[in-house]
Amino acid sequence: MRALDRKLLRELIGMRWQILAIVMVVGCGVASYVAMLSAHSSLSRSRASYYAESNFADAWASAKRAPDAVVHELLAIPGVARAETRIVQLLTLDVADMPEPASARLVSLPTPLDSGLNRLHLRRGRWPEPGRSGEVLVSEPFANIHSLAPGDQLSSVMGGRRERLRVVGIALSPEYVFSVPAGSPWPDDKRSAILWMDRDVLAAAFAMQGAFNDVTFALGVDASVRQVTDAVDRVLAPWGGNGVRGRDLQGSHRFLEDELAQLRSMGATVPTIFLGVAAFLLNAVLSRIVAGQREQIAALKALGYGNIRIGVHYAELALFVVACGSVLGVGLGAVGGAAMVDLYRDFFRFPHLAFGVDGATAVTAVAISAAAGLIGAVAAVRGAVKLPPAEAMRPPTPQRYGRGVFTRALERALSQPGRMVARNLARSPLRTMLSSLGIAFSIAIIIAGSFSQDALNHVMDVSFQREQRYDVQGGCADALSDGVLHELRALPGVLDVEGQRVAPVRLHAGPHSYETVIVGMGAEPRLRRLIGADLRPTKLPERGLVVTDELARRLDLQIGDELEVELLEGRRRRVSVEIAGLSTEMLGLSGYMRDTALRRLLGEGPRLTGALLAVDPRQRSELYLQLQTVPAIVSVGMRSAVFDIFNETTARIQTTTTVILSIFACVIAVGVVYNGARITLVERSRELATLRVIGFTRAEVSGILLWELAMQLLLAIPLGCLLGWLLALGIIAGVDSELYRFPLLISPRTYVFATGVVSVAGFITALTVRRKIDHLDLVEVLKTRE
Amino acid sequence: MLDPRPAAAPVISARGLTKVYRMGEVEVHALRGVDLDLFEGEFVVLLGASGSGKSTLLNILGGLDLPTSGSVLHRGYDLTRAGEAQLTNWRRRYVGFVFQFYNLIPSLTARENVALVTDISRDPMSPEAALELVGLSKRIDHFPAQLSGGEQQRVAIARAVAKRPEVMLCDEPTGALDVVTGKVVLEVLDRINREVGTTTAIITHNAAIASMAHRVVTFADGRALEVRRNERRAGAQELQW
């Protein structure tokens with residue numbers, strides 16, 4: 001081994017803790033980048049292959065009851081490549097291990113069974129025998145949660161009669177990767193089942209022989225949903241059709257897309273920031289290490305080593321660190337990414353979900369780190385080799401210190417060492433700033449990594465405490481007369497009942513349109529309130545439409561503007577309505593109207609599509625039983641269930657991500673603070689040793705350095721909080737979800753946590769540095785000049 | 001005693017060297033027109049108080065620094081016209097440096113510090129032979145921090161001599177050492193000059209060292225004031241300071 005390589009090796013060993021700290025910083029930067037983006041690409045890839053192999057449909061439409069022959073009209077529409085009809089029914093389902101009923105979607109099977117669009121994946125058991133009644137396939141997530149296996153029984157009220165359903169198989173469908181129970185904004189595998197049944201049997205049970213109420217489409221290569229919408233609507237309108245939905249409006253796909261989009265935006269922003277911060281630190285640390293060797297560099301030059309050879313030598317140092325960091329980072333990233341994908345496995349129901357490190361992502365992360373390290377090292381080497389060797393070997397000329405207005409005022413109050421601290425900080429503002437900036441970034445990334453928890457808590461509080469105050473939500477298959485309210489009020493344990501009229505609409509404003517629902521409510525709803533920007537309940541105005549502020553933003557609307565409401569049921573009229581107010585909602589993008597106004601719009605009497613119930617908890621199970629006997633109610637949802645499911649899914653994923661990111665951020669923070677202090681120690685060791693020699697005690701000498709570190713930290717805290725706030729702002733801007741919105745809300749606890757972690761890192765570092773100072777070899781430090 | 005032949009061509013020949021530093025608003029004239037020749041096999045002491053410009057001269061002679069004006073010829077090759085890469089190459093082949101503060105690489109052992117030079121030289125001595133020459137065979141695997149100042153300086157000398165340089169340039173080689181250790185170091189330099197025949201120039205402010213030299217050049221205020229030839233060269237152990 002050549003002497004220069006030996007030098008490298010020895011220095012790496014000598015600086016092992018520092019190197020380890022930088023390797024960790026780089027590793028965490030690379031790891032978070034690789035983990036998030038690889039998880040995203042693995043999920044996207046799995047979804048794409050699942051969709052492709054199962055012929056996932058391009059569009060959906062439903063009707064009340066259309067004769068089978070209508071399918072020929074649909075197939076004749078230009079752009080429609082395939083159209084497959086089926087029967088879909090909502091019903092409630094009794095499950096042995098749950099007091100409350102589950103809501104189920106009963107879907108007819110195609111013939112032949114494993115053909116057509118949205119092809120099922122039979123996971124266990126067999127297909128239902130054609131013509132044999134009572135045999136169903138159950139969706140795998142629901143079956144897993146309730147430990148259902150082929151041979152088990154379920155019971156439900158079908159067509160007014162209680163029927164026994166026999167589970168013969170377990171299946172997965174690309175349409176129901178997420179199954180969203182009717183009336184719930186959130187998927188819920190526990191309370192929402194998909195059942196598949198032979199078409200003839202299903203048709204017989206619901207009097208749908210020779211008819212269909214649901215149709216799925218595959219479109220031609222160049223066709224778009226928009227193109228076929230009008231024609232399909234025209235064909236289905238006489239049969240009670242209510243609009244075409246593309247994939248973007250398909251419940252499961254929409255949710256999946258939203259989750260992936262979030263993962264992508266989180267995955268792109270946070271780790272990019274981490275990687276950027278790691279790169280910045282790598283750059284700063286390496287340049288300081290190299291600058292500290294300026295005399296060695298001069299000696300090498302004097303001995304006849306050329307600039308390039310010296311440059312290569314330090315580049316090797318940088319590359320070694322980057323290489324170790326990259327190996328660690330890609331490894332950790334693979335573990336972290338696999339853990340994330342594992343988490344999604346419970347949540348994304350794909351038949352195959354394999355995690356793989358995305359090669360391009362890993363290469364990008366490594367390249368960014370390598371470039372940062374090399375730039376840092378090379379810039380410092382250039383600085384060192386630029387000086388003639390003779391000059392570089394002399395100690396750098398003393399920096400020009402002076403007394404500014406600030407320090408002059410301060411100095412009167414300070415002791416001699418205090419003055420040294422003040423002048424050092426004030427006279428090399430760039431170094432002070434860079435050190436503080438490094439620490440500030442670590443504070444900032446901890447905030448950026450963990451603030452989403454605060455935002456999530458806020459979303460939960462507003463949505464599930466302030467807005468939604470019901471216990472149970474019952475949904476009807478069609479809009480019914482409000483007589484059902486009396487029936488519900490008479491049920492055991494019901495304390496309060498409120499009817500809801502939910503009307504599917506398409507909103508048009510200029511070039512924008514958006515498909516959603518308008519919820520009709522009373523003047524002062526008690527069980528489902530609207531919350532204004534001040535987080536207090538707001539009243540619904542007599543007339544006009546209230547939309548969530550985010551929906552107004554998307555449609556580019558303000559209070560007082562008119563928009564077109566296209567009603568997707570009944571006579572499908574288009575009506576112009578004024579925006580009367582905005583609500584601050586964090587879940588979903590809906591519109592709200594006074595029930596009276598909505599009735600006028602729909603041209604109907606007092607009708608409702610669902611009811612909200614406040615329930616006495618002691619009589620809850622009794623109520624569940626009774627609810628199923630109310631024929632009008634086809635779905636039952638619980639606020640606590642929605643809350644739980646929100647908590648279990650989004651919150652769990654968020655929390656895991658937050659924990660992973662926070663750990664990475666903390667490691668980066670510790671690395672930064674430790675390195676900063678160690679390098680400062682090397683840079684200042686002569687000065688500090690001189691002080692010891694002339695009679696300062698160890699405590700006094702360490703005091704100077706520790707005070708400097710403390711001042712840098714103090715400076716970094718407000719800066720870090722500000723940077724953290726800005727990063728959070730950037731992340732929120734990147735999250736574009738229809739399902740929920742994150743407010744920019746960072747709790748004092750998060751600021752305190754971030755500052756605390758960095759302060760503890762600083763404190764521990766200070767202790768190790770203090771030990772180093774105690775062991776400072778005074779004579780050696782003064783005699784030899786490294 | 002081997003006396004260099006004054007008639008012989010100089011190894012290094014400097015003419016009209018000036019060097020002006022700018023420090024803030026002040027111009028410092030470190031050299032104000034210096035002529036100097038170093039002859040083959042010669043042992044020269046450049047004597048002067050600190051600030052007399054002698055270090056600047058040594059750095060320029062060794063190709064570590066460039067003069068503001070004037071020329072430095074090494075066997076007819078003009079160093080002042082050479083580029084950075086050529087100077088590096090030239091130093092690598094012809095010059096050995098010894099510095100006041102040794103400038104050893106702390107992370108390398110004595111042997112490895114010497115190997116640093118032998119790695120990049122044509123036909124060098126082995127590091128072991130060079131360390132033998134300075135009497136450090138027994139400390140060959142020690143790190144600089146495990147060596148005394150005198151030993152470190154002898155490693156630096158071994159490092160300088162290992163490439164078999166034409167010229168050895170020593171900047172206050174005893175400046176950081178006590179008398180006894182300083183004498184050992186000077187003895188080593190003297191022996192190398194006598195045995196290997198390496199042209200050696202030492203700069204020092206210590207007048208006592210002058211009596212070891214063939215020739216003594218006294219510096220003051222950026223000029224060579226006086227050139228003196230010693231009739232008899234004193235041995236290093238005879239020196240007193």
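This is a short walk through chain A of the structure above, from its overall build to its contact with chain B.

The model is predicted, so local features need pLDDT of at least 70 and side-chain atom pairs count only at pLDDT 80 or more, while totals for chains, interfaces and linings use all residues. Residues are numbered from 1 along each chain as its sequence is written, and chains are lettered from A and ligands numbered from 1 in the order in which they are written.

Overall build, then. Chain A has 22 helices and 22 strands; these are DSSP runs numbered from the N terminus, helices being H or I of at least four residues and strands E of at least two. Its C-alpha trace spans about 100 × 55 × 50 Å along the principal axes. Of its 786 residues, 50% are buried, meaning that 20 or more other C-beta atoms, placed from the backbone, lie within 10 Å of the residue's own.

Chain A is divided into domain 1, 1-56 + 253-395, and domain 2, 467-644, with bounds from an automatic or database domain assignment. The C-alpha centres of the two domains are 51 Å apart.

Next, helix H1 of chain A, residues 3-14. H1(A) packs against helix H9(A), residues 307-345, at an angle of about 40°, with the axes 10 Å apart. Axes here are lines fitted to C-alpha atoms over the stretch in contact, and angles run from 0 to 180 degrees between N-to-C directions. That angle makes H1(A) oblique to H9(A); under 35 degrees would be roughly parallel, over 145 roughly antiparallel, and 65 to 115 roughly perpendicular, with the rest oblique. H1(A) contributes Leu4(A), Leu8(A) and Leu12(A) to the contact, and H9(A) contributes His313(A), Glu316(A), Leu317(A) and Phe320(A). Contact means C-beta atoms, placed from the backbone, within 7 Å.

Now helix H8(A), residues 294-302. How many of its nine residues are buried? Nine of the nine are, so H8(A) is largely enclosed by the rest of the structure. The buried residues include Arg294(A), Glu295(A) and Lys301(A). After H8(A) comes Gly304(A), with a positive phi near 110°.

Last, chain B. The contact takes 27 residues from chain A and 25 from chain B. On the chain A side, H1, H8, helix H11 (389-393) and helix H22 (778-783) each supply at least two residues. H1(A) gives the most to that side, with seven residues.

How values were computed. A residue is buried if 20 or more other C-beta atoms lie within 10 Å of its own, exposed if 12 or fewer, and partly exposed in between; C-beta atoms are placed from the backbone. Two residues are in contact if their C-beta atoms, placed from the backbone, lie within 7 Å.
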